[in-house]
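I opened this notebook to record what I looked up in one structure. The entries follow the order in which I worked.

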Amino acid sequence: MKRHDGRAPEQLRDINIQVGVLKNADGSCYLEWGKNKIMAAVYGPRPSMGRWDYNPFRAVLNFRYNMAPFSVEERKRPGPDRRSIEISKVLREALEKIVFLDYFPRTRIDVFVEVLQADAGTRCASLTAASLALADAGIPMKGIVAACALGRIDGTIVYDLDKTEEELTDFDLPVGILGHNEHVVLLQMDGKVSVDDLKEILKKAIEANKIVYEKQKEALRRKFGEVNGTE
Ligand code: ADP
């Protein structure tokens, strides 16, 4: 099976990651994943400002996913919409499970993701970048989260759908895992698939995510290898 951009079914789009690109954030990551271009920035832990972001037992994690007006072909109306509110919520919930929030009571951690250019798979790319920005900020976590969406086109399972393929797929299944132990932290789906097939597809999703995880580790090594003078 040939995909419209020439990729093999189990091939991801090209991924390029740079960790620590913003001077004024505590942690940051710029990710190019195919035509997706994504900037993630992390501030904190910093003191809570009021009752709305205060928890005496743990840090409050805020997550904002935002698509720039110029990120898609038709100008996107600026500001939050139903989709970006949903994505912010699910990605926040994924990260809340892996950040050691109880180490930092009475503080907040802010994670901002700006999608500069979108070509499907942006929630997975955002989670992948956000997790690296958190690591760059030195925030303790159970591990690094990798994420990738899978689909099925003409009976073949394909990794990492782009926008053209999103129109053709039977289902769109974004999956995020903890890279080192493969625990699932994000799982969403729209479309149609049998339970038996789903089990097989989830195994493949782990394989796809391992590819992403390797890229993340390389990017962290590039940044922190230099700092430590070990590479
Ligand atoms: P994901 O980006 O995680 O795949 P969706 O499946 O909701 O999330 O969106 C798929 C793609 O549709 C986006 O990556 C983007 O390319 C496009 N898209 C999303 N929202 C808009 C919008 N408001 N206007 C134009 N294109 C959009």
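**Entry 1: Cysteines**

I looked for disulfides and found zero in the structure, which is a predicted model. A disulfide is a covalent bond between the sulfur atoms of two cysteines. For the pair to count, the two sulfur atoms must lie within 2.5 Å.

I turned next to Cys148. Its sulfur also has that of Cys124 as the closest cysteine sulfur, at 6.2 Å, which is too far for a bond. Cys148 is buried, because its relative accessibility is 0%.

**Entry 2: The largest pocket**

How much space lies in the largest pocket? I noted about 510 Å³. Its lining consists of 25 residues, and those nearest the centre are Arg83, Asp119, Ala120, Lys163 and Glu166.

I also checked which elements contribute. At least two lining residues come from each of helix H2 (122-136), helix H3 (163-166) and strand S8 (171-178). Sorted by class, the lining holds 10 charged, nine nonpolar and six polar residues.

**Entry 3: Ala8**

Where does Ala8 sit? I located Ala8 in the segment before strand S1 (15-19). Ala8 is partly exposed, because its relative accessibility is 36%. In sequence, Ala8 and Val158 are 150 residues apart, yet their C-alpha atoms are 8.1 Å apart in space.

Definitions and conventions: Residues are numbered from 1 along each chain as its sequence is written. This is a predicted model: local features need pLDDT of at least 70, side-chain atom pairs count only at pLDDT 80 or more; totals for chains, interfaces and linings use all residues. Side-chain values use heavy atoms; hydrogens and water are left out. Buried means under 20% relative accessible area, exposed over 50%, partly exposed in between (1.4 Å probe, protein chains only). On a 1 Å grid over the protein atoms alone, a cavity is a set of points where a 1.4 Å probe fits but cannot get out, and a pocket is an open set with protein on both sides within 12 Å along at least five of seven lines; lining residues have an atom within 4 Å of a point. Grid points are joined across faces, edges and corners, and a volume is the space filled by probe spheres set on the points. Helices (H or I, at least four residues) and strands (E, at least two) are DSSP runs, numbered from the N terminus. Ala, Val, Leu, Ile, Met, Phe, Trp, Tyr, Cys and Pro count as nonpolar, Asp, Glu, Lys and Arg as charged, and the others, Gly among them, as polar.
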